[in-house]
Amino acid sequence: IPLRGYITFKDVNFGYDEGKRVLKNINLYAKPGQKIAFVGSTGAGKTTVTNLINRFYEINDGTILFDGIDIRRINKHDLRSTMSIVLQDVHLFEGTIKDNIRYGRLDATDEEIIEAAKLANAHYFIKNLPNGYDTMLTADGMNLSQGERQLLSIARAAVADPTILILDEATSSVDTRTEKLIVEGMDKLMEGRTTFVIAHRLSTVRDSDAIMVLEHGEIIERGDHEELMNLKGRYYELNTG
Ligand code: TTP
Ligand code: MG
């Protein structure tokens, strides 16, 4: 059965260690194709939310549903094969650029890889390398710039064609031109997929269907950009500095 991308959190409480709750009573609902953003101070629990969707950690209080099915009943491998995490700490390995993109879906053809790289705005820099798609990367892709590595992570996700996208933006800056390529590539990748975004770029957050403001593990405000600006609360403060 093709998964559609409904995600529901019902009264989710979670802590990494006994006794210390990191997420408190989280409730949320995402429909296929929607973009849900999480903002809030460091340590608020943003990455933790995405760790739970992936089942990197199991919850024991509350429920997370994927298309109405409790994610504890979905095989972890099947679950993760429907999701891609982009941008943060992309793991590149020693091998060609082609192999690194293909890692998103091992049976992808060369044509599919190039198509994914084009969508991700990575094709331009790749084709300008002396060996193009056959260029060898060193371990962790250190012979690429940070922006180029991010573009590759978008291409890898594009070839995987996931139902759920998790975008955990890196804080470190890239040059303006690369930034524009990344934002455009991500916009194309997000189309039609349920996306959870932990964003540092306000532009990425602004056009989300719903923005969740997390503080100390609680959703203290929720709404779209305009609603939250009108509220003149924490989100407004984050935007106006
Ligand atoms: P995070 O969920 O990592 O907080 P965040 O993603 O909102 O912060 P940042 O903006 O800096 O990325 O952490 C929430 C709390 O959980 C924090 O006290 C650290 C703790 N934590 C662990 O104990 N183990 C983990 O693996 C993670 C990810 C967080
Ligand atoms: Mg984080």
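User: Hi! What kind of model is this, and how are things numbered?
Analyst: It's a predicted model, where local features need pLDDT of at least 70 and side-chain atom pairs count only at pLDDT 80 or more, while totals for chains, interfaces and linings use all residues. Residues are numbered from 1 along each chain as its sequence is written, chains are lettered from A and ligands numbered from 1 in the order in which they are written, and side-chain values use heavy atoms, leaving out hydrogens and water.

User: Nice. How much space is in the largest pocket?
Analyst: About 780 Å³. A pocket here is an open set of points on a 1 Å grid over the protein atoms alone, where a 1.4 Å probe fits, with protein on both sides within 12 Å along at least five of seven lines. The volume is the space filled by probe spheres set on the points, which are joined across faces, edges and corners.

User: Which residues lie nearest its centre?
Analyst: Arg80, Met83, Ser84, Ile85 and Tyr103, out of 26 lining residues; lining means having an atom within 4 Å of a point. By class the lining has 10 nonpolar, 11 polar and 5 charged residues. In that scheme Ala, Val, Leu, Ile, Met, Phe, Trp, Tyr, Cys and Pro are nonpolar, Asp, Glu, Lys and Arg are charged, and the others, Gly among them, are polar.

User: And which elements supply at least two residues of that lining?
Analyst: Helices H1 (46–53), H2 (76–81) and H6 (146–160), plus strands S6 (83–86) and S9 (164–168). These are DSSP runs numbered from the N terminus, with helices (H or I) of at least four residues and strands (E) of at least two.

User: Switching topic: what's the strand order in the open sheet?
Analyst: S2-S1-S4-S5, 4 strands with antiparallel pairing; two strands pair if DSSP finds at least two bridges between them. Strand S2 (23–30) and strand S5 (69–70) are at the edges with a single partner strand each, so one side of each has no neighbour in the sheet.

User: How many bridges join S1 to S4?
Analyst: 5, between residues 7–14 and residues 61–66. Among them, Lys10 has Thr63 as its partner in S4, and Asn13 has Asp61. H1 packs on the sheet, touching S1, S2 and S4, and its direction makes about 115 degrees with that of S1. Contact means heavy atoms within 4.5 Å, and the angle, on a 0 to 180 degrees scale, is between N-to-C directions of axes fitted to C-alpha atoms, for helices over the stretch in contact.

User: Is H1 enclosed or open?
Analyst: Largely enclosed by the rest of the structure, because 7 of its 8 residues are buried. Buried means under 20% relative accessible area, exposed over 50%, and partly exposed in between (1.4 Å probe, protein chains only).

User: What follows H1?
Analyst: Arg55, whose phi is positive, near 60 degrees. Arg55 is in the loop between H1 and S4 and counts as buried at 10% relative accessibility. Beyond four places in sequence, its contacts include Ile71, Asn75 and Arg80. The C-alpha atoms of Arg55 and Arg80 are separated by 8.3 Å.

User: Last one: is Thr163 buried or exposed?
Analyst: Buried, at 18% relative accessible area, in the loop between H6 and S9.
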